[in-house]
Amino acid sequence: VIKCKAAVAWEAGKPLSIEEVEVAPPKAHEVRIKIIATAVCHTDAYTLSGADPEGCFPVILGHEGAGIVESVGEGVKKVKKGDTVIPLYIPQCGECKFCKNPKTNLCQKIRITQGKGVMPDGTSRFTCKGKQIYHFMGTSTFSEYTVAADISVAKIDDAAPLDKVCLLGCGISTGYGAAVNTAKVEPGSTCAVFGLGGVGLAVIMGCKIAGASRIIGIDINKDKYAKAKEFGATECISPQDSKKPIQEVLVEMTDGGVDYSFECIGNVGVMRTALEACHKGWGVSVIVGVAAAGQEIATRPFQLVTGRTWKGTAFGGWKSVDSVPKLVTEYMSKKIKVDEFVTHTLPFDKINEAFELMHSGK
């Protein structure tokens, strides 16, 4: 058993608490990882807020991390002690019907136990002050050591800077893949990206790499426009600058609508707007943002009857174990940006400040 520091969420709506936790050794087909760097994501904040119906407390949150394998349980073949890895919130077992189907990346092998905050055998590897602590998304990267299923670990290039590539565990991969895998953006196309946070910027990057000729960024926070242009947005607009609904503005700007639109906020009203900003006959709108539990989307069926397509994406459609090492290689060869997404680097005990910076849009 390893004793180390972790940021524990004791209950919903309260700040994280830095505690000494005990991390049990890995059981069969499990890997214990020394986490070197982790990022914060809106999904962590969503669960912490208490709005997540799958949220269990007390829990160690975090799902964008990178580290070094400390030890492996029985039967683990793909990684060994000392390997550099990224934990994966969508695993890839290679055996379930989802893994065998090229149309999806949603491995279901450990979905039920992962959703309940436990390891595949139904128990936790974390204790603190004599209490069992739940796992989160199969990763729990807000701990100096964590345990993950072996199918939830991607071995990456040992030379990769972990304080940067940890971001490939969720946000960047999700946005980039939404453009290149889910939408399959084509050269010369026109795209609209709603929400210019980390995921939105990654979508812009993906659209640019795919050869889009016009990329319109949409956000009410104009402080985000300069960064969006650095990533490839050709122009940025705010819905608050027009009396007309923003979808009408976009349809006028683009002679009938955009070829591809992306909702990167998690707002069901904006999801409708993004669909209705698409061109009749062929426009494709991708939902990337995660809406709060129980919310529903709406539009007039005529929008779809007249040839628009509504899609969704999780982790950008990447088959995780296969793709994350390749994404790290793309970063190392400068095909994709990662460093530019990092605005602040804080010590672990300032993790609550990191959440405040995220919420304030900084």
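**Figure 1. Span 198-323 and its ends.** The end C-alpha atoms of residues 198-323 sit 20 Å apart. An unreviewed UniProt entry lists residues 198-323 as "domain: Alcohol dehydrogenase-like C-terminal". UniProt positions follow the numbering used here, feature names are shortened, and annotations may be inferred rather than shown by experiment. This is a predicted model: local features need pLDDT of at least 70, side-chain atom pairs count only at pLDDT 80 or more, and totals for chains, interfaces and linings use all residues. Residues are numbered from 1 along each chain as its sequence is written, and side-chain values use heavy atoms, with hydrogens and water left out.

**Figure 2. The parallel sheet of six strands.** This open sheet runs in the order β13-β12-β11-β14-β15-β16, with parallel pairing. Two strands pair if DSSP finds at least two bridges between them. β13 (235-237) and β16 (309-312) are the edge strands, and each pairs on one side only. On average, neighbouring strands of this sheet are turned by 20 degrees against each other, direction ignored. Look next at β14 (residues 260-263) and β15 (residues 284-287): they run parallel and are joined by four bridges. Y260 has V284 in β15 as its bridge partner.

**Figure 3. Helices α5 and α6 lie across strands.** Helix α6 (residues 198-209) lies across β11 (190-194), β12 (214-218) and β14. Its angle to β11 is about 170 degrees. Axes are lines fitted to C-alpha atoms, for helices over the stretch in contact, and angles run from 0 to 180 degrees between N-to-C directions. Contact means heavy atoms within 4.5 Å.

Figure 4. UniProt, in an unreviewed entry, gives residues 28-157 the annotation "domain: Alcohol dehydrogenase-like N-terminal". The end C-alpha atoms of this span lie 25 Å apart, and the span is 13% helix and 30% strand. P58 is in the loop between α1 (42-49) and β4. The peptide bond from F57 to P58 is cis, with omega near -5 degrees. K129 is in the loop between β7 (126-128) and β8. Phi of K129 is near 50 degrees, a positive value in a residue other than glycine.

**Figure 5. The antiparallel sheet of five strands.** The order in this open sheet is β4-β1-β2-β7-β8, with antiparallel pairing. β4 (59-60) and β8 (131-133) are at the edges with a single partner strand each, so one side of each has no neighbour in the sheet. Seven bridges pair β1 (residues 2-9) with β2 (residues 17-23) in the antiparallel sense. I2 stands opposite V23 in β2.

Figure 6. The whole structure holds one cavity of 30 Å³ or more. On a 1 Å grid over the protein atoms alone, a cavity is a set of points where a 1.4 Å probe fits but cannot get out; a pocket is an open set with protein on both sides within 12 Å along at least five of seven lines; lining residues have an atom within 4 Å of a point. Grid points are joined across faces, edges and corners, and a volume is the space filled by probe spheres set on the points. The largest cavity has about 60 Å³ of space. Its lining includes I110, M119, H135 and A149. That lining has five nonpolar, four polar and no charged residues. Ala, Val, Leu, Ile, Met, Phe, Trp, Tyr, Cys and Pro count as nonpolar, Asp, Glu, Lys and Arg as charged, and the others, Gly among them, as polar. The second largest pocket has a volume of about 320 Å³. Of its 21 lining residues, H29, C93, K109, D150 and I151 are the closest to its centre. By class, the lining of this pocket has 10 nonpolar, three polar and eight charged residues.

Methods. Helices (H or I, at least four residues) and strands (E, at least two) are DSSP runs, numbered from the N terminus.
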